[in-house]
Amino acid sequence: MKIDLTETTSSKINQALVSARRAVGTPAIGMVLTLVIVTDEENAYDALKAASDSSREHPSRIIAVIKRVSRSPRSRRDARLDAEVRVGSDSGSGETIVLRLHGELANHAQSVVLPLLLPDAPVVLWWPEDAPSDPAKDPLGALAQRRITDAYSAEEPSAELTARAQSYTPGDTDLSWTRITPWRSMLAAALDQKPVEVLSATVEGESENPSCELLAMWLADRLKVPVQRTLSAGPGLTAVRMETKEGTIVLDRPDGSLATLSMEGQPNRAVALKRRETAELLAEELRRLDPDNTYEATVKFGVDNLAGAAAPEPAAAKASEPAATPAPSPAPAKKSAAKRAAAK
């Protein structure tokens, strides 16, 4: 069931929610949290679909905040709130409120959202893109116990990770970190099966993919060994190689779906390691609302501390070759001089 409200207020939206629940025959509230999404019109559909799919695992009240940019000075001065209420099959396992804030009201979104939060329930805030530099100090972010960003959507993902480290507050997390959960599980399981001393590691993946940097920083922080970040054609994260005294442990995923785990003295094993949809990532993050200390330690490790992180032009071939510093050699010059002397 959908109800459209034009030039409305938070009080009228709450009344519409009650009427909609009665109309569909579900007057009781069985939701476990409030998920607030701050997005724009371009990305609203995908974000709402992902949130609706994740609500089947975590029934929640979804509040989408869309700030409408006004073109003329007069319209920027006018404050108006339009809303859309969705209950029942149109909203997954919870209920959805889409807020469109016009004019000056866009600068005071927290005053509109606050009366719509579920009482005595945790609040999670998600920025699918264009997250603030300090999520915890954002007026809407201050209302939430958990704040989810996505460095992958930033223009400069590595710089975004540095900003996340500088402004980290307990409760912050990032979907780029969530994407590497299966990789971290497989690598930890491989070292549990065969306890060996890791000497160094290499993380290979496509350019501008912050999940690769996060996985490299996690390995470097946990293993206390140099970890190098190299480039590949993708898709996404493609391989991790750990050098040990007993050989190389390789987790290779060239196609973004099926990976191969290779260990010295053991047969190769195929591992399902497909790239997950946003709804799956969001559902994983909503399972825990406490601070993620591992993410904090990883993001604070720093991208600049990775081996070879300062090299901006690593070629794909360098993933299998040791880094070397090209230097002009005097040998060719001597050889030319010798030939000239012989010619004389």
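Guide: A helix axis is a line fitted to C-alpha atoms over the stretch in contact, and angles between axes run from 0 to 180 degrees between N-to-C directions. The model discussed here is a predicted one.

Visitor: At what angle do α5 and helix α10 pack?

Guide: Helix α10 covers residues 293–301, and its axis lies 8 Å from that of α5. The angle at which the two helices pack is about 120°.

Visitor: Is the crossing of α5 and α10 left-handed or right-handed, and which residues make the contact?

Guide: As α5 passes α10, the crossing is left-handed. On the side of α10 the contact is made by Tyr295, Val299 and Lys300, and on the side of α5 by Leu161, Arg164 and Ala165.

Visitor: How many residues of the contact of α5 with α10 are charged?

Guide: By class, this contact has four nonpolar residues and no polar ones. The charged residues of the contact of α5 with α10 number two.

Visitor: At roughly what angle do the axes of helix α5 and helix α8 cross?

Guide: Helix α5 spans residues 157–166 and helix α8 spans residues 210–223, and their axes come within 9 Å. The angle at which these axes cross is roughly 50°, and this makes α5, relative to α8, oblique. The value asked for is therefore one that counts as oblique, namely roughly 50°.

Visitor: Which residues of α8 make the contact with α5?

Guide: The crossing of α5 and α8 is right-handed. From α5, the contact draws on Pro157, Ser158 and Leu161, and Leu161 is also part of the contact of α5 with α10. From α8, the residues that make the contact with α5 are Pro210, Glu213, Leu214 and Met217.

Visitor: How many residues in the contact of α7 with α8 are nonpolar?

Guide: The axes of α7 and α8 come within 11 Å and cross at roughly 35°, and the crossing is right-handed. The residues that make this contact are Trp183, Arg184, Leu187 and Leu191 of α7, together with Leu215, Trp218, Leu219 and Leu223 of α8. One of the contact residues is charged and none is polar, while the nonpolar residues number seven.

Visitor: Which residues does threonine 181 touch, not counting residues up to four places away in sequence?

Guide: Threonine 181 has its place in helix α7. Leaving aside residues up to four places away in sequence, threonine 181 touches Arg276 and Glu284.

Visitor: Which residues that line the largest pocket are the closest to its centre?

Guide: The largest pocket has a volume of about 660 Å³. Its lining consists of 30 residues, and the closest to the centre are Arg179, Arg276, Glu277, Thr278 and Leu281.

Visitor: Which helix gives the most to the lining of the largest pocket?

Guide: At least two lining residues come from each of α2 (41–54), α7 (181–193) and α9 (278–286). By class, the whole lining divides into 13 nonpolar, six polar and 11 charged residues. With six residues, the helix that gives the most is α2.

Visitor: Which residues line the largest cavity?

Guide: Two cavities of 30 Å³ or more are counted, and the largest has a volume of about 40 Å³. By class its lining has three nonpolar, three polar and three charged residues. The residues that line this cavity are Pro135, Arg147, Thr149, Arg164, Ser167, Tyr168, Asp172, Thr173 and Tyr295.

Visitor: Which strand supplies the largest share of the lining of the second largest cavity?

Guide: The second largest cavity holds about 30 Å³ of space, and it is lined by Lys194, Val196, Thr244, Glu246, Gly247, Thr248, Ile249 and Glu264. By class these are two nonpolar, three polar and three charged residues. The largest share, three residues, comes from strand β12.

How values were computed:
Residues are numbered from 1 along each chain as its sequence is written. This is a predicted model: local features need pLDDT of at least 70, side-chain atom pairs count only at pLDDT 80 or more; totals for chains, interfaces and linings use all residues. Side-chain values use heavy atoms; hydrogens and water are left out. On a 1 Å grid over the protein atoms alone, a cavity is a set of points where a 1.4 Å probe fits but cannot get out, and a pocket is an open set with protein on both sides within 12 Å along at least five of seven lines; lining residues have an atom within 4 Å of a point. Grid points are joined across faces, edges and corners, and a volume is the space filled by probe spheres set on the points. Helices (H or I, at least four residues) and strands (E, at least two) are DSSP runs, numbered from the N terminus. Ala, Val, Leu, Ile, Met, Phe, Trp, Tyr, Cys and Pro count as nonpolar, Asp, Glu, Lys and Arg as charged, and the others, Gly among them, as polar. Angles under 35 degrees count as roughly parallel, over 145 as roughly antiparallel, 65 to 115 as roughly perpendicular and the rest as oblique. A crossing is left-handed if the near helix is turned anticlockwise from the far one by less than a right angle, and right-handed if clockwise. Contact means heavy atoms within 4.5 Å.
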